[in-house]
Amino acid sequence: MIKKEMIAMLLAGGQGSRLKMFTENLAKPAVPFGGKYRVIDFVISNCANSNIDAVGILTQYKPFELHNHIGIGTSWGLNRRDGGAYILPPYMSEKEQNFYKGTAHAIEQNIEFINSFNPEYLLVLSGDHIYKMNYQKMLNFHKEHDADVTIAVIEVPWEEAPRFGIMNTNPDGSIYEFEEKPENPKSNLASMGIYIFNWKLLKEEFEKASIENRNKTDFGQDIIPSLLAEGKKLFSYKFKGYWKDVGTLSSYWESNMDLLDKDNELKLFDSDWQIRSHNHSLPPMFVAKDAIVKNSMIADGAKIKGTVKNSIIFSEVEVEEGAVVEDSVIMSSTVIKKGAVVKKAIIGENVIIHENAKALNENGELYSLGNNIEVRGENNAEK
């Protein structure tokens with residue numbers, strides 16, 4: 001039997017409805033990010049860099065593109081004989097014929113898969129956050145504190161705390177209370193959706209919940225409060241670094257713009273902790289002699305003949321002569337034609353901004369445009 005100290009289960013089935021047009025046809029973790037990546041690449045890369053080589057990826061909402069992107073994990077070096085990346089969609093069993101109902105339910109439905117690796121610890125992750133973390137350091141913390149469960153937390157601004165699950169802790173970091181989106185939070189330690197469980201304990205909790213006929217759908221609402229009530233040892237692991245939930249259009253745009261900050265903590269060019277992705281073989285980018293490019297990231301296959309400032313340009317984007325792109329995220333295979341102006345915008349894939357058209361909000365607010373759309377004249381968008 002294979003024996004792993006810890007395996008990871010990556011929850012990647014979210015719809016991400018707040019990203020609106022960009023998640024109409026694909027799951028939130030599959031949304032393009034940073035010129036050459038997808039959101040999920042950061043978490044999978046964290047696993048690979050942390051030497052966690054068995055990763056179960058639980059998919060549900062419109063998963064085809066996500067499945068195609070991940071494959072067997074080759075891009076992250078996870079295609080191993082005794083490990084790998086495993087796609088785990090919901091399936092029909094003798095007992096249930098339902099989709100995953102929540103975070104804990106998704107894990108419970110895959111107990112047989114987890115048991116096949118006979119792990120001592122189970123790492124549960126969300127597939128839709130942008131950050132770098134060494135999960136082995138978190139595991140060391142978990143073992144040093146003889147914890148039953150360790151939950152990664154990050155300090156958020158007090159005014160934002162009501163948006164999160166909040167951990168109230170003792171001075172030693174032990175958790176005495178969990179509050180889901182409290183109106184008047186006692187703490188600003190927000191759960192990052194990253195858990196390490198003693199696997200034997202979590203299995204027993206699922207069994208007890210079934211016997212007692214109580215809910216076991218969600219970790220935050222069901223499992224964690226139950227374990228606290230039972231007096232189990234739950235500890236908070238404070239994370240100090242860049243972390244962003246790209247769950248809204250504004251947070252998605254902000255996180256992309258953060259990549260252009262010279263002091264950005266993500267450091268995509270750090271060879272010691274590379275963020276990898278499945279990338280197509282494309283020719284190098286082309287920047288014309290008379291083009292103007294300032295503080296921007298340009299992906300392979302892009303052709304820049306106009307002006308690009310403070311922007312993220314994905315693969316095979318064309319910016320023609322006289323076109324201006326500023327403070328924007330332009331996704332793959334989009335064309336910005338001569339004289340067009342794009343400012344503070346998120347522009348989807350396969351979009352055409354026609355000559356002299358404007359894609360911007362005059363009041364300076366964020367402008368966004370979905371995939372496969374043409375813009376003729378000022379913000380006159382059509383499929």
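Before going on, a word about what's on the screen. This is a predicted model, where local features need pLDDT of at least 70, side-chain atom pairs count only at pLDDT 80 or more, and totals for chains, interfaces and linings use all residues. Residues are numbered from 1 along each chain as its sequence is written, and side-chain values use heavy atoms, leaving out hydrogens and water.

So what does Lys143 pair with? Its partner is Glu5, in a salt bridge whose closest N and O atoms are 2.8 Å apart. By salt bridge I mean a side-chain nitrogen of Lys or Arg within 4 Å of a carboxyl oxygen of Asp or Glu. The two partners come from distant parts of the chain, 138 residues apart: Lys143 belongs to helix α5 (residues 135–144), and Glu5 to the segment before β1 (6–11).

How many salt bridges does the structure hold? There are 16. I'll pick out some of them. Lys186 and Glu177 meet through their side chains at 2.9 Å, N to O, and Glu177 counts as partly exposed because its relative accessibility is 23%.

Next up are Glu320 and Lys337, with closest N and O atoms 3.6 Å apart. Glu320 lies in the loop between β20 (318–319) and β21 (324–326), while Lys337 is in the loop between β23 (335–336) and β24 (341–343), so this pair ties together parts that are 17 residues apart in sequence. Buried or partly exposed, then, for Glu320? It counts as buried, at 17% relative accessibility, whereas Lys337 is partly exposed, at 24% relative accessible area.

One more for the salt bridges: Lys28, Asp128 and Asp245 are linked in a network.

On to the pockets. On a 1 Å grid over the protein atoms alone, a pocket is an open set of points where a 1.4 Å probe fits, with protein on both sides within 12 Å along at least five of seven lines, and lining residues have an atom within 4 Å of a point. Which residues lie nearest the centre of the largest pocket? They are Thr103, Ser126, Asp128, His129 and Asp218, out of 40 lining residues. The elements giving two or more residues to that lining are α3 (103–108), β10 (175–180), β11 (189–198), α7 (219–229) and β13 (243–245). The largest share comes from β11, which gives four residues.

Moving to the second largest pocket, 29 residues line it, and the closest to its centre are Gly35, Lys36, Tyr37, Asn279 and Ser315. Two or more lining residues come from each of β3 (37–38), α2 (64–70) and β16 (297–298). Here α2 provides the largest share, four residues.

Now have a look at helix α1, residues 41–49. Seven of its nine residues are buried, so the rest of the structure largely encloses this helix. The buried ones are Asp41, Phe42, Val43, Ile44, Ser45, Asn46 and Cys47. After α1 comes Asn51, with a positive phi near 60 degrees.

Asn118 isn't a glycine, yet its phi is positive, about 50 degrees. You'll find Asn118 in the loop between α4 (111–115) and β6 (121–126), and it is partly exposed, with a relative accessible area of 34%. Asn295 has a positive phi too, near 45 degrees. Its spot is the loop between β15 (292–294) and β16, and with 46% relative accessible area, Asn295 is partly exposed.

Last stop: Ile353, in strand β26 (residues 352–353). Ile353 is buried, with a relative accessible area of 0%. How far apart are the C-alpha atoms of Ile353 and Arg376? They are separated by 6.7 Å, although the two residues are 23 apart along the chain.

That's my tour, thanks!

Notes
Buried < 20%, exposed > 50% of the residue type's maximum accessible area, 1.4 Å probe, protein only.
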